[in-house]
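I opened the notebook for a slow read through this one. Here is what I looked up, entry by entry.

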Amino acid sequence: MRGSEKQAQVLRSPMVPDSVVAEIARHDWERIECGCGRSAGHLVDAVRDAAEGHPAAFHALEGHAFFAQHLKPPAPAVCAVLMAVWSVQPPRRATREALLWTLLALLCTVDDGGTHEAGLHGQCAAFIRTGVDGFRRELAAVPGSGTAAYAEGILEILGLPSS
């Protein structure tokens with residue numbers, strides 16, 4: 001299936017930027033085993049809802065992309081979509097806070113990579129590193145807020161300075 005056909009399968013929403021729809025469509029969700037044991041195809045609606053700005057949708061990823069301190073196979077694809085959402089700078093603080101909470105939860109898992117390859121954790125960390133400038137802006141824009149605390153935690157786990 002070509003990218004344009006996959007994009008057609010993602011239910012369009014005027015609230016989801018084309019770049020996020022393209023990132024959702026880039027992944028073969030049906031071939032990824034979800035943390036709940038089914039195919040990850042059902043996560044397409046969840047990540048689209050998250051992209052629309054529904055804070056609860058971010059929290060609903062727990063048990064599917066990550067559980068306790070372990071990542072599940074959909075984690076890198078979910079992380080890529082979340083970073084696409086982050087790159088378009090969600091305007092609502094509740095959305096940013098839920099998104100940052102989810103990214104921090106993904107980073108706070110056990111590193112499952114080997115000496116010669118990045119496991120799920122390394123793949124997620126690589127995606128999250130693309131948003132470093134935005135995390136620093138968030139930290140500076142609203143010091144003392146929940147979003148700032150999450151952004152600071154992400155930078156700390158990545159081993160990067162906050163400024």
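In which helix is Glu 23 found? I found Glu 23 in helix 2, residues 18–25. Before going on, I noted that this is a predicted model, in which local features need pLDDT of at least 70 and side-chain atom pairs count only at pLDDT 80 or more, while totals for chains, interfaces and linings use all residues. I also noted that residues are numbered from 1 along each chain as its sequence is written, and that side-chain values use heavy atoms, with hydrogens and water left out. The helices (H or I, at least four residues) and strands (E, at least two) are DSSP runs, numbered from the N terminus.

**Entry 1: Glu 23**

The scale I used is buried under 20% relative accessible area, exposed over 50% and partly exposed in between, with a 1.4 Å probe and protein chains only.

Next I looked for its partners. The side chains of Glu 23 and His 27 are joined by a polar contact of 2.7 Å. A polar contact here is a pair of N or O atoms within 3.5 Å; within protein, one must be able to donate a hydrogen and the other to accept it, and residues adjacent in sequence count only if both atoms are side-chain atoms.

Leaving aside neighbours within four places in sequence, I found Glu 23 in contact (heavy atoms within 4.5 Å) with Ala 80, Val 81 and Ala 84. I also checked Ala 77, which is 54 residues from Glu 23 along the chain, and their C-alpha atoms are separated by 8.6 Å.

**Entry 2: Arg 48**

I then went to Arg 48, which sits in helix 3, residues 43–52. Its relative accessibility is 11%, so Arg 48 counts as buried. Which side chains does Arg 48 reach by polar contact? I found Asp 45 at 3.0 Å and Asp 49 at 3.3 Å.

Now for helix packing. Two packed helices are described by the angle between their axes and the distance between the axes. The axes are lines fitted to C-alpha atoms, for helices over the stretch in contact, and angles run from 0 to 180 degrees between N-to-C directions.

I looked at helix 5 (residues 75–87) against helix 7 (residues 120–129): the angle is about 5° and the axes lie 9 Å apart. The two are therefore roughly parallel to each other. My cut-offs are under 35 degrees for roughly parallel, over 145 for roughly antiparallel, 65 to 115 for roughly perpendicular, and oblique for the rest.

Helix 5 brings Ala 75, Pro 76, Cys 79, Ala 80 and Met 83 to the contact, and helix 7 brings Leu 120, Gln 123, Cys 124, Phe 127 and Ile 128. I sorted these residues into 9 nonpolar, 1 polar and no charged. For the sorting, Ala, Val, Leu, Ile, Met, Phe, Trp, Tyr, Cys and Pro count as nonpolar, Asp, Glu, Lys and Arg as charged, and the others, Gly among them, as polar.

**Entry 3: helix 9 and its partners**

How far apart are the axes of helix 8 and helix 9? I read 8 Å, at an angle of about 140°, for helix 8 (residues 132–141) and helix 9 (residues 146–157). That makes helix 8 oblique to helix 9. The contact residues of this pair include Phe 135, Glu 138 and Leu 139 of helix 8 and Ala 148, Ala 151 and Leu 155 of helix 9. They divide into 7 nonpolar, 1 polar and 3 charged.

I turned to helix 6 (residues 93–107), which packs on helix 9 at about 25° with the axes 9 Å apart. Helix 6 and helix 9 are therefore roughly parallel. Among the residues that meet are Arg 96, Leu 100 and Trp 101 in helix 6 and Tyr 150, Ala 151 and Ile 154 in helix 9. This contact divides into 9 nonpolar, 3 polar and 3 charged.

**Entry 4: Glu 138**

I came back to Glu 138 in helix 8. With a relative accessible area of 8%, Glu 138 is buried. Its side chain has a polar contact of 3.0 Å with the side chain of Arg 96. Leaving aside neighbours within four places in sequence, its contacts include Trp 86, Leu 100 and Thr 147.

**Entry 5: positive phi**

Last, I looked up two backbone angles. Ala 68 is not a glycine, yet its phi is positive, about 55°. Ala 68 lies in the loop between strand 1 (66–67) and strand 2 (70–71), and at 54% relative accessibility it counts as exposed. Gln 89, also not a glycine, has a positive phi of about 55°, and I placed Gln 89 in the loop between helix 5 and helix 6.
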